[in-house]
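Visitor: Hi, could you walk me through this one? I'd like to go over the folds and the packing.

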Amino acid sequence: MFRVTTTLSMLALLGACGTTLPPQELVDARKAYERATKGLSAQLAPAQLDTAKQALDKAEKSFEDEGVDPPTVDLAYIAERKALIAEATAAKVAAERDAKKADKMFKDAQLDGLDKTKAELNKERQAGEKTKAELENEKKALSAEKVARAEAERKAAAAMASLAEVAKVKEEARGMVITLSGAVLFATGKYELLPIARDKLDEVAKALTDQGYKGILVEGHTDSRGKASDNETLSLKRAESVRTYLVSRGIPSDKIRASGLGSSRSIADNSTPDGRANNRRVEIVVEPLK
Amino acid sequence: MVRKLVLRMLWVGLVAVSAAACGGAAVPQEALTAAQASVKGAEVGGANEDPKAQLHLKLANEQIEKAKKAIEDGDNEVAARLVDRAQADADLALALAQQAKSLREAKDADEQLGKLKKKLNQ
């Protein structure tokens with residue numbers, strides 16, 4: 001009854017004055033509310049949107065009942081702000097959600113990066129271990145080599161020691177000189193090796209095998225008795241006998257030469273039997289590596 | 001219509017009676033205090049750092065001043081309406097400040113993520 005009366009009276013008013021235009025505040029409030037409902041507010045700020053709806057309804061009711069009076073304007077003013085609050089709240093919640101997502105991705109990426117770094121470190125460590133193993137191997141190889149070298153040196157020294165028992169060994173500028181007495185190698189006037197000479201030359205060959213050298217020179221020497229040319233020929237033949245035997249014992253033929261020097265390089269007095277005996281000799285010169 | 005008019009007149013009469021009894025409509029002291037607290041809250045919430053929020057903060061402050069003046073003038077009804085408007089503006093100022101802050105933080109987080117990704121891909 002009351003509402004009908006109001007509506008009728010409003011219709012009468014409309015008839016009299018045309019449409020009553022809503023205040024600008026109400027127009028703005030309606031627009032703001034509509035925009036809020038179309039945005040994320042319904043989903044992210046439902047409570048605020050509901051408050052905005054109630055505020056707008058109140059303003060609409062006041063406008064309907066009282067027309068454009070100051071309370072209506074104020075209610076519309078408030079309703080617009082409530083709608084804007086719903087919108088701002090929804091935007092805030094959305095931004096918070098985005099930030100949370102980015103934070104999670106950040107942490108994931110960090111962990112991912114950490115894993116990667118760990119993997120890289122592992123790789124590096126493995127590489128380091130490999131290098132360590134390689135070093136260890138090298139060390140082993142080196143020590144094996146050292147042992148081998150020491151062994152070779154020991155053998156060579158032993159060979160030299162046993163050589164020293166059968167021959168005179170001395171260091172000269174031209175190299176190591178092994179001097180063998182002619183008496184133990186050859187019969188007088190002969191150049192074929194005596195059986196005992198072979199034993200001695202075996203020792204020499206053994207000692208030479210473990211030595212480093214550039215070349216070997218076998219020199220035949222005689223005393224000064226007899227014709228010089230005969231002595232030279234004999235000394236050469238004897239040197240060659242020795243050379244041939246040493247080659248047969250493993251000394252490379254291209255590294256060993258023979259020469260006959262006769263009595264040109266006497267080392268002792270030819271006037272005494274002892275001196276002549278010392279002069280009859282074969283010298284094996286081991287020319288050192290540079 | 002007649003009935004409504006009578007009702008309205010009755011209400012006005014009541015107000016007049018109470019005004020006569022207590023010195024006009026009640027001073028909206030509680031609402032004013034609440035609005036002032038909301039303005040402070042909006043300021044603390046960073047309303048001065050966002051232009052839109054700052055605008056509504058200004059409106060809220062202006063309306064609070066007007067409300068105080070209305071109270072001085074004894075116009076408590078106008079004061080109450082001004083306080084309500086101020087309250088709505090203060091609330092909006094805070095909501096806008098919080099929105100701006102959240103957007104800023106989301107942008108920062110996104111930038112940090114971008115930087116980290118770039119660093120990791122090097």
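Guide: Happy to, and what follows is a chat about a predicted model.

Visitor: Let's start with chain A. How many helices and strands are there in it?

Guide: Chain A has nine helices and five strands. From the N terminus, its elements run α-α-α-α-α-β-β-α-α-β-α-β-α-β.

Visitor: And what percentage of chain A is buried?

Guide: Of the 290 residues in chain A, 29% are buried. As for contacts between residues at least 6 apart in sequence, 71% of those in chain A join residues at least 24 apart.

Visitor: What order do the strands take in the sheet?

Guide: The order is E1-E2-E5-E3-E4 in chain A, and the five strands form an open sheet with mixed pairing.

Visitor: Which strands are at the edges?

Guide: Those are E1 (168–172) and E4 (256–260) of chain A. Each has a single partner strand, so one side of each is left without a neighbour in the sheet. From one strand to the next, the twist averages 20°.

Visitor: Take the E1 end. In which sense does E1(A) pair with E2(A), parallel or antiparallel?

Guide: Antiparallel: E1(A) and E2(A), the latter spanning residues 175–181, share five bridges. In that pair, A:Glu171 stands opposite A:Met176 of E2(A).

Visitor: What joins E1(A) to E2(A)?

Guide: A hairpin does, running through two residues.

Visitor: Nice. Switching to helices in chain A: at what angle do H5(A) and H7(A) pack?

Guide: The angle is about 150°, and the axes are 9 Å apart. H5(A) takes in residues 70–166, while H7(A) takes in residues 195–209.

Visitor: Why call H5(A) and H7(A) roughly antiparallel?

Guide: Angles over 145 degrees count as roughly antiparallel. The pair packs at about 150°, and H5(A) and H7(A) are therefore roughly antiparallel to each other. The crossing of H5(A) past H7(A) is left-handed.

Visitor: Which residues meet there?

Guide: From H5(A) there are A:Ala159, A:Met160, A:Ser162, A:Leu163 and A:Val166. They meet A:Lys200, A:Glu203, A:Val204, A:Lys206 and A:Ala207 of H7(A). By class, this contact has six nonpolar, one polar and three charged residues.

Visitor: How do H3(B) and H4(B) pack?

Guide: They pack at an angle of about 160°, with their axes 8 Å apart. That makes H3(B) roughly antiparallel to H4(B). H4(B) covers residues 76–120, and H3(B) passes H4(B) in a left-handed crossing.

Visitor: What classes of residue are in that contact?

Guide: The contact of H3(B) with H4(B) has 19 nonpolar, three polar and four charged residues.

Visitor: I've got B:Leu55 selected. Where is it?

Guide: B:Leu55 is in H3(B), which runs over residues 51–72. The C-alpha atoms of B:Leu55 and B:Ala93 are 7.7 Å apart, although 38 residues separate the two along the chain.

Visitor: Why does B:Leu55 count as partly exposed?

Guide: A residue with 20 or more other C-beta atoms within 10 Å is buried, and one with 12 or fewer is exposed. B:Leu55 has 15, so it is partly exposed.

Technical notes. Residues are numbered from 1 along each chain as its sequence is written. Chains are lettered from A and ligands numbered from 1 in the order in which they are written. This is a predicted model: local features need pLDDT of at least 70, side-chain atom pairs count only at pLDDT 80 or more; totals for chains, interfaces and linings use all residues. Two strands pair if DSSP finds at least two bridges between them. Helices (H or I, at least four residues) and strands (E, at least two) are DSSP runs, numbered from the N terminus. Axes are lines fitted to C-alpha atoms, for helices over the stretch in contact, and angles run from 0 to 180 degrees between N-to-C directions. Angles under 35 degrees count as roughly parallel, over 145 as roughly antiparallel, 65 to 115 as roughly perpendicular and the rest as oblique. A crossing is left-handed if the near helix is turned anticlockwise from the far one by less than a right angle, and right-handed if clockwise. Two residues are in contact if their C-beta atoms, placed from the backbone, lie within 7 Å. Ala, Val, Leu, Ile, Met, Phe, Trp, Tyr, Cys and Pro count as nonpolar, Asp, Glu, Lys and Arg as charged, and the others, Gly among them, as polar.
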